[in-house]
Amino acid sequence: LVNDGHAQSYQSVATGALPSWATWRDHLFAFTQEPAAIVLSRSYFEARAVPRSRQELIAVMRAHPDDFAGRVITYDLRQSGLGYLFATQDARSSEAYWRLTEVMGQAKAKLSCCSSDMIDAVAQGSALVAYNVLGSYAAARRDAEAFVILRPTDFETVMLRTAFIPSAAQNPKDAGKFIDTLIQRAMSERPIFGQSFQTTAQDGTQDVPINRIRLGPSLLVYLDQYKRNKFLTSWEASILQDPQPVD
């Protein structure tokens, strides 16, 4: 929307304090950081070592294929814009994404549109693994004791929620004040995972590299129809092995 001219420029002390990756052309401003997480069944992993990275999760799933058959869930990239965004960014960061996708395909992964449905599946026992759900959604659940929220130590993909002032806004002055308030809270508060606007997060034992989805023209790359179709074709070849979609 911003790239197509639907936003107006805004500058303030607050917007000027944002890192370059958290603002775009003085039109678009980040105000949260939302890590993608892997949710694991607590009951299943009680007697097992909890994997700490994508590679370790791949190893567990390969070692126990019968346990995970039909009990893995992830986004249907054809339906979920967020799932597609996370997947393209993961793929840019590491080949582990494609290896994990193939393993999930071999497990006849169920496909879903939404983080909440994926977390439900693990909490209710129908799935052992939910891949790339919003970590903040999982942490806020009342039934969070039913699962483990894994922040993979190889890297953590982080989405930025953003705000802009529409070009036709009737009260841009107050809109700017609202954006300033969002930014000030983002800069001062400690989010659920990690420190505000840091390059690494702590998992309790070591630093976790943050793969932050930066604001910029690179985000438009995978909106190109040719590139989108090419990516989805590769994804389908990896994961659509007798899939079981979730309604």
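This is a predicted model: local features need pLDDT of at least 70, side-chain atom pairs count only at pLDDT 80 or more; totals for chains, interfaces and linings use all residues.
**Start with everything shown.** Colour the protein by secondary structure and you will find ten helices and twelve strands. Of its 247 residues, 47% count as buried.

**Now select residues 54-63 and 96-106.** These are helices α3 and α6, whose axes come within 10 Å and cross at roughly 25°. Angles under 35 degrees count as roughly parallel, and α3 and α6 are therefore roughly parallel to each other. The crossing of α3 past α6 is left-handed.

Show the side chains where the two helices meet. On the α3 side, pick Arg-54, Gln-55, Leu-57, Ile-58, Met-61 and Arg-62; on the α6 side, pick Ala-96, Arg-99, Leu-100, Val-103 and Met-104. Sorted by class, this contact has seven nonpolar, one polar and three charged residues.

**Finally, move to Phe-29.** You will find Phe-29 in strand β3, which spans residues 28-41. Is Phe-29 buried or exposed? Its relative accessible area is 1%, so Phe-29 is buried.

To see what surrounds Phe-29, leave aside neighbours within four places in sequence and select its contacts: Tyr-10, Thr-15, Leu-18, Ala-22, Thr-23, Arg-161, Thr-162, Ala-163, Ile-179 and Ile-183. As a last stop, draw a distance from the C-alpha atom of Phe-29 to that of Ile-165: the two are separated by 9.7 Å, although the residues are 136 apart along the chain.

Definitions and conventions. Residues are numbered from 1 along each chain as its sequence is written. Side-chain values use heavy atoms; hydrogens and water are left out. Axes are lines fitted to C-alpha atoms, for helices over the stretch in contact, and angles run from 0 to 180 degrees between N-to-C directions. Helices (H or I, at least four residues) and strands (E, at least two) are DSSP runs, numbered from the N terminus. Angles under 35 degrees count as roughly parallel, over 145 as roughly antiparallel, 65 to 115 as roughly perpendicular and the rest as oblique. A crossing is left-handed if the near helix is turned anticlockwise from the far one by less than a right angle, and right-handed if clockwise. Contact means heavy atoms within 4.5 Å. Ala, Val, Leu, Ile, Met, Phe, Trp, Tyr, Cys and Pro count as nonpolar, Asp, Glu, Lys and Arg as charged, and the others, Gly among them, as polar. Buried means under 20% relative accessible area, exposed over 50%, partly exposed in between (1.4 Å probe, protein chains only).
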